[in-house]
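Please examine the model shown here.

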Amino acid sequence: GDILDDYLRTDGVWILIRSKQFYKTNNERECAEKCEAERNFTCRAFLFTRKKLQCLTLAENAKMTVAFPSMDTVLYEKRIYLMQCKRGIGTDYRGTEAMTQRGIPCQKWAEKTPHRPNYTPEKYPNAGLEENYCRNPDADKNGPWCYTTDPAKRFDYCAIPDCEDQVMHTGEGECMQCNGEDYHGEVSRTESGLECQRWDVQEPHMHGFILKHYPEKDLKMNYCRNPDGELRPWCFTTNPNKRWEYCNIPRCSTPPPVSGPDSQCLSGKGEDYRGRIAITESGNVCQHWDTQLPHKHGWIPDRYPCKGLQENYCRNPDGEKKPWCYTTNSSIRWEYCTIPPCDRTAQGIAGMNNVPVQVPLTEECYRGKGQSYRGTTSVTASGKKCQAWSSMFPHSHIKTPDRFPDADLRDNYCRNPDGDSSPWCFTTDPNTLWEYCNLKRCDDHTQE
């Protein structure tokens with residue numbers, strides 16, 4: 001086959017590297033040949049610039065270092081170094097696991113303490129004995145192993161999963177509770193049969209679901225997941241023409257978990273609140289969730305069986321800062337509700353000592369262009385709800401918290417990460433990409 005078949009291609013990306021070599025080549029295939037023949041270091045990837053016809057062979061890939069946009073560049077990463085599983089007994093495993101099955105860190109292959117190794121990079125130059133990564137230089141039938149940093153344990157095996165077990169899971173016998181937010185199964189095909197794209201790669205579809213920013217969402221391999229409160233688990237597909245699709249996972253026949261005792265008061269953001277308050281903080285009566293009047297909406301109780309969308313009670317089905325509801329006032333679409341907090345200890349102690357509890361006031365106005373605004377408004381000037389900055393639905397974008405770490409892109413609060421004229425946000429309306437927020441300048445207020 002083509003030499004490039006062994007590489008994963010990503011357009012428009014440059015990675016920051018320490019060890020690299022420059023070559024002049026005519027095309028990507030010649031550059032791949034330079035990578036295969038590299039002797040100064042282990043070549044894990046290469047960069048090819050189209051205009052300069054320049055080839056850079058690299059000792060690292062995007063998993064190991066920082067990546068950033070570069071229009072004229074193509075990054076090719078060797079697939080073998082991106083694999084987190086082993087084929088057969090794993091003699092060709094080149095992943096970055098560096099801990100034994102018992103959780104002991106591995107000793108570096110080039111070091112001689114606490115154990116003097118029989119297998120070293122000098123003696124076995126083709127065995128991939130880099131750093132302290134698990135390897136199988138002696139074709140041990142039990143798979144990759146390493147010398148350990150525990151003086152009492154010379155070596156131990158590593159818990160590397162088998163690729164054969166992870167290739168394609170149809171998910172026979174698997175089911176999901178609720179909308180599958182907690183689904184941890186191994187289905188990796190969409191409902192139309194397309195193979196899912198791995199969450200830790202950006203090809204063929206670039207996206208914002210970076211693993212380190214969603215550690216609790218279990219974005220493993222290319223398994224179907226529901227990290228953003230969709231109707232059911234989904235994945236990006238390996239088909240360049242189909243960005244994402246739902247997966248066909250049936251609902252479990254067993255009933256979903258019952259809410260705990262804290263569900264009658266406000267704990268955290270109130271996502272588990274199941275009390276009967278049905279009036280907003282300004283006194284508007286809540287609209288019933290199973291009606292579409294006076295406001296049309298998508299939070300239909302049958303679609304979201306575990307969100308507690310009963311009657312017209314205040315709820316937080318979408319991770320807002322606190323429970324809310326649509327109102328029966330046709331000119332006010334939705335508002336937050338005032339729910340008593342679960343932890344009254346602080347108020348009780350303060351009351352006994354006659355010390356008033358200070359509620360921090362968030363400043364709901366902005367100065368200058370609003371780049372320093374850190375309030376919690378999440379509504380646009382026309383009344384639309386803001387989309388969370390870390391979400392790619394309904395709008396895909398690049399204004400993500402990891403790309404703008406100093407802009408405080410928390411939740412779906414209005415912000416100004418790019419120096420616009422005032423704070424703004426992407427909206428949850430699929431037909432409106434973004435709008436400025438419903439905020440005034442601080443000097444417009446008579447009282448701050």
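The following questions and answers take up these topics in turn.

This is a predicted model, in which local features need pLDDT of at least 70 and side-chain atom pairs count only at pLDDT 80 or more, while totals for chains, interfaces and linings use all residues. Residues are numbered from 1 along each chain as its sequence is written, and side-chain values use heavy atoms, with hydrogens and water left out.

Q: Which residue in S5 stands opposite phenylalanine 48?
A: Strand S3 (residues 45-49) runs antiparallel to strand S5 (residues 67-78), and the two pair over 5 bridges. The residue in S5 opposite phenylalanine 48 is valine 74.

Q: Which element gives the largest share of the lining of the second largest pocket?
A: On a 1 Å grid over the protein atoms alone, a pocket is an open set of points with protein on both sides within 12 Å along at least five of seven lines, and lining residues have an atom within 4 Å of a point. The second largest pocket is lined by 38 residues, and Ala62, Asp200, Val201, Gln202 and Ile210 lie nearest its centre. S1 and S5 are the elements that give two or more residues to this lining. The largest share, 5 residues, comes from S5.

Q: What is the volume of the largest cavity?
A: A cavity is a set of grid points where a 1.4 Å probe fits but cannot get out; points are joined across faces, edges and corners, and a volume is the space filled by probe spheres set on them. The count comes to 1 cavity of 30 Å³ or more. The largest cavity is lined by Gly180, Glu181, Tyr183, Lys217, Arg225, Asn226 and Pro227. Its volume is about 40 Å³.

Q: How many residues apart in sequence are the parts that cysteine 134 and cysteine 158 tie together?
A: A disulfide, defined as a pair of cysteine sulfur atoms within 2.5 Å, joins cysteine 134 to cysteine 158 with an S to S distance of 2.1 Å. The link is left-handed, with -85° about the S-S bond. Cysteine 134 lies in the loop between S5 and strand S6 (145-147), and cysteine 158 in the loop between strand S7 (155-157) and strand S8 (234-236), so the pair ties together parts whose separation in sequence is 24 residues.

Q: In which loop is proline 394 placed?
A: The peptide bond from phenylalanine 393 to proline 394 is cis, with omega near 0°. Proline 394 is in the loop between strand S12 (365-366) and strand S13 (424-426).

Definitions and conventions: Pairing = 2+ DSSP bridges. Helix = DSSP H or I, 4+ residues; strand = E, 2+ residues; numbered from the N terminus.
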